[in-house]
Amino acid sequence: MGQFSALRFHPVFVLLARLSAAVVVLNGTAAERFSMQLTVDTGFFERRDALVAARLDFRRPVDISTAVLRDPANSAIPFWFEPVAPFRGRLYWILAGETDSLEKVPFSLVVQTGRWPGKPTGTRAIAKIVRRRRNLLPNGGFETPDLESKQTTTWKGARGAAHWVLHDFAWSYRKLPDIAALCRPVTVEAFEGKWALMFRSDVREDAPKARTGIPVVVAPYVNGPVVPMAPGRRYAFSYWVKFTDVIRDGYVSASVNFLDANKKRLFPRKYAINRMQAAYGTARNLRDDYLGKWVCVSVVKEALPEVRFGQVVIGGSFGGTCFLDGFRLREVGTGPPATVSVGPLQPVE
Amino acid sequence: MMHRSVLYSALVIGMGFAVGAAAQVQRFDFGTSDSDLAPGWTRITETELFSDGAGRGWLVKPVGVRRPFKLYSRDENFATQTAFLKLGPILRDHVIAGRNYSGYPKGDYTFRVRVGEGEFLGAVVMGVMTEKHATLINRPPFWWRDCTVRVNGQTAAVFEHGGIREQLVQRGKISERDFLPGDSLFDRGVRSHFRTVVFRFRGPELNLSMPTFCPLNALLVAPAAEEARLKKALADALASEKFFVDSQYTETKDAEPFPEPVRKAAEAAGAVLFARPQRVIGPYARPTLGEVGRPCGEFVPVGEKGVLRFGFLPVRDLHDVRVSVGALRHASGKTVPAREVSVWLSQLVPMAAVRTGDYYRIVPEYAFRYAPRTLRKGVARFFSVYVNVPNDAVSGDYAGEAVVSSPDLPRPLRQRLVVKVLPFRLDPPDMLFGMYWGNPFSTRLRHAWQQMRVPAEQMRELCSSIDIGAFREMREAGFNTAAFGPAAPVSGVTADGRIEVDGHLWQLWCDRVRNYETVFGRAPLPAYNIGWSGLITSRATGGFWGREVDQWEKHGFSAKSVRNMEAICTWFYAQARERNWPEIVFYIQDEMANHGTRGGRMALARAKLFRKVADRVGFRTCASMNGPVEIPTIPYLDIAIPNGALPISEENIAYIRRSGAELWFYNIGSNRFSFGYYLAKTRPKGRLQWSFGGSSRYVNQVAGLPSVSDVRYTLHWDSKLRPGRRNNIEEMRQGILDYRYFRTLDRLIAENSRSSAPSVRRAVEKAKKLRDYILDGVKVRNRHSGEDFVAGVWSSRTCQRLRWRIALAVMDLLDPDSKGDTK
């Protein structure tokens with residue numbers, strides 16, 4: 001038994017086993033049925049139509065298109081499956097309705113051996129929800145260049161970032177000579193991937209708005225992608241920032257401005273509720289905590305009833321340089337995701 | 001909701017028609033030169049002194065007055081109070097002969113208008129909402145002082161307010177009044193603050209005189225024969241004002257479907273009772289089938305207070321509704337007597353809703369003891385039954401019922417109540433729980449005292465009664481301390497180091513400490529504001545005040561200020577020892593991180609200074625810290641109190657402990673979780689929260705003020721001057737109970753962990769598993785900890801379900817071999 005067990009997990013054996021299984025399947029051998037128990041633990045939070053996810057390892061080629069996921073009432077329910085490696089993948093489905101906290105809800109998945117899909121499959125509506133939970137923002141890490149980057153009066157870079165409109169400074173400062181403020185996708189720093197956005201502001205005593213002895217920060221600004229949002233849903237907006245030099249205290253601020261159905265900004269009476277603002281203030285933090293370190297800045301907010309879209313904007317009031325990366329806007333529940341424990345794959349008689 | 005410019009246009013058109021209908025009525029609108037003016041009204045500003053040519057204007061130098069009165073016009077549609085209802089063109093502004101509540105000279109000022117010979121009628125509208133510094137809690141003297149309005153030397157009206165007690169009773173009556181769906185915000189929050197007087201006089205001129213603190217908003221004059229027209233013009237003007245205010249806001253409703261079978265049954269019975277555990281029942285709640293007839297239950301250890309909450313939905317108007325709850329009975333015949341049971345009803349108030357535009361939501365925000373009243377049809381009400389389980393109660397289920405009767409109901413309705421008394425006592429908290437408590441003298445009574453000349457002794461008595469009432473209610477909610485400081489009793493320090501004291505303020509402070517000790521015993525008193533405005537004020541120690549960051553940055557602390565600060569602290573603690581006060585923890589500064597890195601540097605310098613003085617004089621220091629820039633102060637503090645904006649993380653908590661400071665928390669959420677399980681994990685020595693009462697914003701003081709304001713931090717009093725119970729206080733009470741349940745479990749695990757009895761070991765293992773499950777689930781880090789934060793606060797429902805598991809585990813540990821019915 002011990003010897004067999006050791007052999008069973010040897011990589012070569014596993015590969016052979018998988019190949020032979022695939023051959024059997026392709027030769028038209030009768031498919032076997034397996035089931036697995038998936039138990040959702042709601043944890044410490046009540047859930048409403050929560051998206052749940054489970055990592056599955058079938059250890060054999062299965063035909064996901066034959067899979068049936070059943071809820072506690074034994075009804076078949078829709079799911080979305082994304083393979084991540086041979087015979088392994090993530091299964092997503094909805095815990096429908098309201099479910100109390102501290103509950104364990106059993107589901108079962110029945111699947112037949114067969115051709116491993118190699119690509120995502122299932123109900124597209126759930127795929128859409130999965131995407132909303134990951135990141136609504138395209139190119140949140142500035143990895144994809146804007147191939148048509150055009151130089152303008154306020155932007156002199158060569159490589160832009162797709163979905164982001166970059167401005168080195170405000171139009172009102174265009175007559176100032178030698179403005180050092182700029183924003184550029186660069187590779188010298190990156191929190192994730194290869195690229196990050198360098199955000200450098202200039203401190204000027206000759207700016208029109210500078211009063212005697214009080215210099216003005218001339219900072220870049222960025223208009224990000226406009227993405228659909230839904231009223232009443234909770235969103236988390238986050239990004240990573242690394243300051244490399246700060247010559248004047250201030251903020252770097254990124255917001256998701258709430259837009260209505262016409263993509264116009266909402267201006268409620270309490271103006272601060274019309275956006276999700278995640279700002280990092282150098283004056284509010286210790287230099288040791290932020291200088292030369294990647295720091296996450298995040299905010300969670302429920303979208304107002306009138307919200308249909310959101311647009312990311314980035315600005316700053318500090319003097320110096322920072323790098324920004326990993327912008328994420330995602331729909332979240334009231335708590336961290338529910339956990340799923342996966343039972344062993346059992347043959348079905 | 002209607003946009004204000006559209007609204008104003010509608011108003012202009014509407015009033016235009018009214019003008020045509022009442023052309024014989026002269027109308028004067030007093031106020032600023034640039035505020036809105038309704039059509040047909042003549043603007044009168046403060047600059048229009050009387051002249052023969054104009055035939056109207058102000059007389060500001062009465063006989064016997066040395067200097068003419070200075071007049072002011074004020075527009076109250078200011079922007080700083082966002083929750084303040086915006087008023088229409090007549091009520092929004094006025095002219096008055098003084099300002100800043102102490103700047104009103106004695107005497108009358110007069111408005112004169114030539115009208116010609118004959119008999120006339122006049123009508124005035126007078127009202128003012130705020131004083132000059134509207135973000136402070138100033139209330140205008142017009143609200144407090146009695147006054148007489150004279151017309152051509154004859155008394156036209158006398159406004160009397162009664163004594164201070166009558167005024168407090170009056171305010172209690174306002175708090176007792178519900179705001180129901182369809183009610184008018186204008187009627188609730190505006191109309192009652194404006195006085196209207198109709199008077200008769202003889203021409204050729206009208207001299208309208210009133211004391212300098214009386215505002216004048218509007219004056220209408222018409223020949224006596226046109227009485228009906230004048231009264232109609234006045235009524236139209238007020239109706240337009242009402243339309244203006246009420247049209248600004250739209251109610252946002254959380255409507256629920258009313259299941260047909262329940263509706264039919266309710267219509268037959270006249271009303272329906274229902275239970276909805278761990279949920280607040282708003283006016284639009286509609287019971288489901290499962291909620292009707294469901295018993296309302298609670299589990300309560302002996303010696304504790306439980307609350308059973310249920311909903312009541314009348315489907316027709318019900319008069320004289322009575323709710324009675326008798327004794328709760330155990331199967332053995334034992335009872336929880338009726339005197340230990342009290343019924344409370346949550347009052348409905350409008351509160352601003354977070355939406356685009358001007359919306360409000362009607363919420364059951366605070367509860368008073370129930371007294372028979374009319375309940376309107378279609379409005380669900382939220383009842384709470386508090387049950388004090390006696391110390392000698394035997395465990396088991398106690399059943400009773402709430403009986404709701406009314407002459408309009410065919411028969412009384414009954415809600416079944418069950419209290420499961422648990423066979424153990426909860427451990428007392430091993431830490432301090434407290435809330436900030438505003439000085440009644442500064443928040444509720446100061447203006448009355450100043451304006452009404454209330455005798456000092458009566459003021460002391462009132463302050464004490466308010467203090468005691470609030471402290472007792474805090475104790476009822478589970479708090480064992482209160483955070484408050486003195487109201488700046490030190491007026492200066494002489495060159496030889498003698499402390500000059502305002503005797504009245506000092507006496508009030510001494511009274512408060514005595515009242516505190518009466519209720520909370522010898523528990524340490526965290527004296528909020530004492531060190532940055534209470535004792536160490538800019539008056540006595542220039543440049544030392546917590547907010548004087550600019551001055552400190554330029555000049556530092558002067559030697560004189562430091563000397564005076566030391567002298568004040570020495571004197572104060574000598575007084576404390578002499579009077580045998582409980583420990584007064586010296587609160588050296590408040591959220592200096594709000595001033596950025598400069599505030600952080602000043603905080604550090606202050607902390608170092610106070611450290612030396614505290615060590616020499618012998619007292620403990622504390623500070624609330626609202627950002628990372630205050631972290632360097634921690635080694636100089638005895639008690640470090642992070643607020644919500646300081647990165648609360650395992651590392652920072654460990655740093656506080658390594659530095660030798662006690663960890664307390666302040667303002668990390670006024671919810672059940674942050675008072676309960678969060679503390680079980682983080683184990684601070686104190687937990688404070690703003691604010692039990694004494695909200696600093698003027699419009700948030702009383703539910704009936706002109707606002708759809710935030711009264712979540714206001715202590716409401718009824719007309720019998722008894723404190724009410726707010727929803728968030730009840731949440732915190734439950735959190736403190738959660739903490740005590742957890743502590744009881746923790747102790748029993750420790751006490752039983754060495755037992756060799758298999759049943760005990762089994763119970764201990766189960767309890768440990770539960771304890772670890774809970775502790776592992778609590779997320780310590782807050783959103784300022786530099787991580788991708790999603791959420792971490794458990795709902796009250798989750799907390800309650802965990803509490804039940806703890807209760808089972810505790811009973812198991814206490815009696816591992818039993819399978820008693822309480823399990």
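Mentor: Start with A:Asn262, which counts as exposed because it has 7 C-beta neighbours inside 10 Å, and a residue is called exposed if 12 or fewer other C-beta atoms lie within that distance. Keep in mind that this is a predicted model. A:Asn262 sits in the loop between strand E17 (251-259) and strand E18 (275-281) of chain A. A:Arg308 is 46 residues away from A:Asn262 in sequence, yet the two C-alpha atoms are 8.4 Å apart in space.

A:Asp178 lies in the loop between strand E11 (165-167) and strand E12 (182-186) of chain A. A:Asp178 is exposed because 6 other C-beta atoms lie within 10 Å. The backbone here deserves a check: phi of A:Asp178 is positive, about 50°, although the residue is not a glycine. Most residues other than glycine have a negative phi, and most peptide bonds are trans.

Now to the place where the chains meet. The contact is made by 30 residues from chain A and 26 residues from chain B. On the side of chain A that touches chain B, the elements giving two or more residues are strand E16 (234-248) and strand E19 (294-302) of chain A. E19(A) gives the most to that side, with four residues. Sorted by class, this side of chain A has 16 nonpolar, seven polar and seven charged residues.

Move on to chain B and its sheets. Strands of a sheet pair through backbone hydrogen bonds, either parallel or antiparallel. One open sheet in chain B has five strands in the order E3-E6-E11-E8-E9, and the pairing is antiparallel. Strand E3 (56-59) and strand E9 (154-159) of chain B stand at the edges; each has a single partner strand, so one side of each has no neighbour in the sheet. From one strand to the next, the twist averages 20°. Within this sheet, strand E8 (residues 147-151) of chain B pairs with E11(B) in the antiparallel sense over two bridges. There, B:Arg150 stands opposite B:Ser209 in E11(B). The peptide bond from B:Gly203 to B:Pro204 is cis, with omega near 15°.

Further along chain B there is parallel pairing. Strand E33 (residues 639-642) of chain B runs parallel to E34(B), and two bridges join them. In that pairing, B:Ala640 has B:Leu663 of E34(B) as its bridge partner. E33(B), helix H13 (residues 650-658) of chain B and E34(B) together make a right-handed β-α-β unit. E34(B) also pairs with strand E35 (residues 686-693) of chain B, in the parallel sense and over three bridges. In this second pairing, the bridge partner of B:Trp664 is B:Gly686 in E35(B). Four of the five residues of strand E34 (residues 662-666) of chain B are buried, so the strand is largely enclosed by the rest of the structure.

B:Asn667 is in the loop between E34 and helix H14 (672-675) of chain B. Phi of B:Asn667 is positive, near 55°, in a residue other than glycine. B:Asn667 counts as partly exposed because it has 19 C-beta neighbours inside 10 Å, and a residue is called buried if 20 or more lie within that distance. In E35(B), where B:Ser691 is found, there is a further case: the peptide bond that joins B:Trp690 and B:Ser691 is cis, with omega about 5°.

Helix H11 (residues 559-578) of chain B and helix H12 (residues 596-617) of chain B have axes that come within 10 Å and cross at roughly 35°. The crossing of H11(B) and H12(B) is right-handed. From H11(B), B:Val562, B:Met565, B:Glu566, B:Cys569, B:Thr570 and B:Tyr573 meet B:Leu609, B:Val613 and B:Val617 of H12(B). The residues of this contact divide into seven nonpolar, one polar and one charged.

Conventions: Residues are numbered from 1 along each chain as its sequence is written. Chains are lettered from A and ligands numbered from 1 in the order in which they are written. This is a predicted model: local features need pLDDT of at least 70, side-chain atom pairs count only at pLDDT 80 or more; totals for chains, interfaces and linings use all residues. Axes are lines fitted to C-alpha atoms, for helices over the stretch in contact, and angles run from 0 to 180 degrees between N-to-C directions. A crossing is left-handed if the near helix is turned anticlockwise from the far one by less than a right angle, and right-handed if clockwise. Two residues are in contact if their C-beta atoms, placed from the backbone, lie within 7 Å. Ala, Val, Leu, Ile, Met, Phe, Trp, Tyr, Cys and Pro count as nonpolar, Asp, Glu, Lys and Arg as charged, and the others, Gly among them, as polar. Two strands pair if DSSP finds at least two bridges between them. A crossover is right-handed if, with the strands pointing away from the viewer, the path from the first strand over the helix to the second runs clockwise.
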